[in-house]
Amino acid sequence: MFHKLMRLILFVLLLLLLWLMATTITLVAATKGAAPQCIEKERNALLDFKSYIDQDPYDLLFTWAVDEETTRDCCKWGGVTCNSRTGHVTSLDLSSGDLEGRIDIQ
């Protein structure tokens, strides 16, 4: 009787272990999905803003480009923070750049 109980306990533990492994694999796969890239309209707005900058002495905006595949995602640009789920730009921190320029307000 003792051996049957031990087998049952081991069987239940094995099932629990398999369930935990499957759940972990599913969660890891879900979190490794492609992160959303920035919204094109917002990227274009940032590039428009950059076009008004006359001086960028510390090259703060050097990553703000559209030519290379690695820099198309504005969420990876210096000073830009995006929502990790939606890809929307949530903040800009350009305070250390000593940027100069004139913004045309129309």
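Modeller: A disulfide is a pair of cysteine sulfur atoms within 2.5 Å. The structure, which is a predicted model, holds two disulfides.

Biologist: What makes Cys38 and Cys74 a disulfide?

Modeller: Their sulfur atoms are 2.3 Å apart, and the cut-off is 2.5 Å, so the pair counts as a disulfide. Cys38 lies in the loop between helix 1 (2–31) and helix 2 (40–51), while Cys74 lies in the loop between strand 1 (53–55) and strand 2 (80–82), so the bond ties together parts that are 36 residues apart in sequence. Cys38 and Cys74 are both buried.

Biologist: How do you know that Cys75 and Cys82 form a disulfide?

Modeller: The sulfur atoms of Cys75 and Cys82 are 2.3 Å apart, which falls within 2.5 Å. With the bonded cysteines numbered in sequence order, the pairing reads 1-2, 3-4.

Biologist: Why is the disulfide of Cys75 and Cys82 called left-handed?

Modeller: The torsion about its S-S bond is about -95°, so the disulfide is left-handed.

Biologist: Why is Cys82 called buried?

Modeller: Cys82 has a relative accessible area of 18%. Buried means under 20%, so Cys82 qualifies.

Biologist: Which residues does Cys82 touch, leaving out those up to four places away in sequence?

Modeller: Cys82 touches Cys38, Cys75, Gly87, His88, Val89 and Thr90. Of these, Val89 in strand 3 stands opposite Cys82. Strand 2 and strand 3 (residues 89–92) run antiparallel and are joined by three bridges.

Biologist: What makes strand 2 and strand 3 a pair?

Modeller: Two strands pair if there are at least two bridges between them, and here there are three. The hairpin they form has six residues between the strands, and Gly87 takes a positive phi near 85° there.

Biologist: Which aromatic residues form one cluster?

Modeller: Phe49, Trp64 and Trp77 do. The structure holds two aromatic pairs. Phe49 and Trp64 form a tilted pair, 6.4 Å centre to centre with 45° between the planes. The pair links Phe49 in helix 2 to Trp64 in the loop between strand 1 and strand 2, 15 residues apart.

Biologist: Why is the pair of Phe49 and Trp64 called tilted?

Modeller: Planes under 30 degrees apart count as stacked and those over 60 as edge-to-face, with the rest called tilted. The angle for Phe49 and Trp64 is 45°, so the pair is tilted.

Biologist: Which residues make up the largest nonpolar core?

Modeller: That core has eleven residues: Cys38, Leu46, Ile53, Leu60, Leu61, Trp64, Cys74, Trp77, Val80, Cys82 and Leu94. In soluble globular proteins, nonpolar side chains tend to be buried together.

Biologist: Which elements have the lowest and the highest mean pLDDT?

Modeller: Helix 1 has the lowest, at 62, and strand 3 the highest, at 94. The chain has a mean pLDDT of 79, and 67% of its residues reach 70 or more.

Notes: Residues are numbered from 1 along each chain as its sequence is written. This is a predicted model: local features need pLDDT of at least 70, side-chain atom pairs count only at pLDDT 80 or more; totals for chains, interfaces and linings use all residues. Side-chain values use heavy atoms; hydrogens and water are left out. A nonpolar core is a set of buried Ala, Val, Leu, Ile, Met, Phe, Trp, Tyr and Cys residues joined through side-chain atoms within 4.5 Å. Buried means under 20% relative accessible area, exposed over 50%, partly exposed in between (1.4 Å probe, protein chains only). Contact means heavy atoms within 4.5 Å. Helices (H or I, at least four residues) and strands (E, at least two) are DSSP runs, numbered from the N terminus. Rings of Phe, Tyr and Trp (its six-membered ring) pair if their centres lie within 6.5 Å; planes under 30 degrees apart count as stacked, over 60 as edge-to-face and the rest as tilted. pLDDT is the predictor's confidence in each residue, from 0 to 100.
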